[in-house]
Amino acid sequence: MKLIYTHENGFIVNNVKNIIEANGIETVLKNEFSSGAVGEVSAFDAWMELWVFNDKDLERALDIISTMQSKADEPEWYCNQCAEENDASFDVCWNCQSEH
């Protein structure tokens, strides 16, 4: 197993987990319930961690994360079907599920 992502916000870590697993890569969460230990351990040591289960999937998982992070700087887009505004990281409209 290899560590691929960590963050202080568990919601963000779970979002990355969902994206990685949607691409067929098995993951493991660590420190999922460790926030209550802050004060006894360093805050950084309590951050949730996402690990890739199979080492052979490491490079592909890191590429997915890199692509996801690079899209964060792109502008939002409007769906051609329903005209709903979508974040740049979305490849599918959140409202009507039409592809970008």
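Helices (H or I, at least four residues) and strands (E, at least two) are taken here as DSSP runs, numbered from the N terminus. The model is predicted: local features need pLDDT of at least 70, side-chain atom pairs count only at pLDDT 80 or more, and totals for chains, interfaces and linings use all residues. Residues are numbered from 1 along each chain as its sequence is written, and side-chain values use heavy atoms, with hydrogens and water left out.

The protein has 2 helices and 5 strands, which follow the order β-α-β-β-α-β-β from the N terminus. Of its 100 residues, 28% are buried, meaning under 20% relative accessible area with a 1.4 Å probe and protein chains only. Among contacts (heavy atoms within 4.5 Å) with a separation of 6 or more, 45% join residues 24 or more positions apart.

Asp57 sits in the loop between strand S3 (48-52) and helix H2 (58-71). Asp57 counts as buried because its relative accessibility is 11%. Apart from neighbours within four places in sequence, Asp57 contacts Ile25 and Val52.

A pocket is an open set of points on a 1 Å grid over the protein atoms alone, where a 1.4 Å probe fits, with protein on both sides within 12 Å along at least five of seven lines; lining residues have an atom within 4 Å of a point. The largest pocket has 12 lining residues, with Ile19, Met68, Ser89, Phe90 and Asp91 nearest its centre. H2 gives the largest share of this lining, 4 residues, and helix H1 (10-22) also supplies at least two.

Definitions and conventions: Buried means under 20% relative accessible area, exposed over 50%, partly exposed in between (1.4 Å probe, protein chains only).
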